[in-house]
Amino acid sequence: MKNILIVVLSVVCVILLGLKLFSSPPDTISQGDYSNVKIRIARQYSISYAPVYVAEKMGLIEKYIPGATVEWVTISGGAAITEALISGHLDVGFVGIPPAMIAWDKGADLKIVSGIVVPTYNLMVKNPDIKSLADFNPGDKIAVPGIGSIQHMLLSIAAEKYLGDARALDTNVVAMPNPDAFTSLLSGTDITAHLSITPFNEMERRSGLNSILSTGDESLICVAGGKFHNSSPTAYAALVMALNEAITLINQRDPRVLDIIAEVEKISNEDVLTYLNWDGTNYTTSLYGIMRFAEYMKKAGYISKAPEMKDIMWESAIGMVGMRIGGRSSAENALY
């Protein structure tokens, strides 16, 4: 009789678990008053950060913790965002892998929450005589969002491969927000090239510029400070759920999302689809390239030590590390 009871209870538990797993997402994480919860979040420019502003415009974090206050700010450059996190002016930021690694290497109390997108980068040039990295002269300036940004590291990786020196183009690099770099390229300044991300690479192509390098197979990421993660587990969970929902809606090409992106980027819905479908772009919370980048940055001297996963990722991120089946993408083959 006892064994039969155990079997019956086990079956009931399995049924209840199945109902839970296959039911619709909850409207809230739990009942409660979240009016004292405040989350300060920084995002950057470009459609690659669409999951962030979709979550903002649709109020997805507030959906899971009603009454919470979420403050959003746009900051150009991952280094500036990590500095704001370190100083306590932010709780959450969206950056490339390198700024997070550099901040961690300096002892910052922050880790990765999740990925948001694996984008493709193009090195766009306006001078038709520049056909490869070897053609850059000392006066030719290459715009990247920041020193130590993912674009800066990708340029270093390419310089190591094609020029034999990871730092060969460091003196050419200029830190400049993507919108400013786009304007500078077209206005006749000394900015000769821009390691560009969507939509700027396509805007620059339409303006007559050429791509001499296609690169990238690493995630843009969400990072959060230790204080936020440890003291606000419900808010942290709401952040993770909001990002998942935003990315799902983007990948479903939900009409509401297309309208939001078009409004924020000031482009047509047709252009939104062009950019979302850009070759190699993958909106996903899964994480790619984290440890590979860490090893490269250690080897190239940008950080003093390479972390283990647990050192640089919160538990939610460790569960989202991507494992790809198959060979390298065309972008990877151009670099590695």
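## Aromatic rings and a helix crossing

One aromatic pair turns up in a search of the whole structure, a predicted model in which local features need pLDDT of at least 70, side-chain atom pairs count only at pLDDT 80 or more, and totals for chains, interfaces and linings use all residues. Residues are numbered from 1 along each chain as its sequence is written, and side-chain values use heavy atoms, with hydrogens and water left out.

The pair is Phe228 with Tyr236, and it is tilted, at 6.4 Å centre to centre and 45 degrees between the planes. Rings of Phe, Tyr and Trp (its six-membered ring) pair if their centres lie within 6.5 Å; planes under 30 degrees apart are stacked, over 60 edge-to-face, and the rest tilted. Both Phe228 and Tyr236 are buried (under 20% relative accessible area, 1.4 Å probe, protein chains only). Buried residues account for 51% of the 336 residues in the protein.

Two charges sit over rings (NZ of Lys or CZ of Arg within 6 Å of the ring centre and within 35 degrees of the ring normal).

| Charged residue | Ring | Distance to ring centre |
|---|---|---|
| Arg167 | Tyr302 | 4.2 Å |
| Lys305 | Trp104 | 4.9 Å |

Helices α6 (residues 150-163) and α13 (residues 290-300) pack at about 65 degrees, their axes 11 Å apart. This makes α6 roughly perpendicular to α13 (65 to 115 degrees). Axes are lines fitted to C-alpha atoms over the stretch in contact, with angles from 0 to 180 degrees between N-to-C directions. Helices are DSSP runs of H or I with at least four residues, numbered from the N terminus. Contacts (heavy atoms within 4.5 Å) involve residues including Ile150 and Met153 of α6 and Phe293 and Tyr296 of α13.

How values were computed: Buried < 20%, exposed > 50% of the residue type's maximum accessible area, 1.4 Å probe, protein only. Helix = DSSP H or I, 4+ residues; strand = E, 2+ residues; numbered from the N terminus. Parallel < 35°, antiparallel > 145°, perpendicular 65-115°, else oblique.
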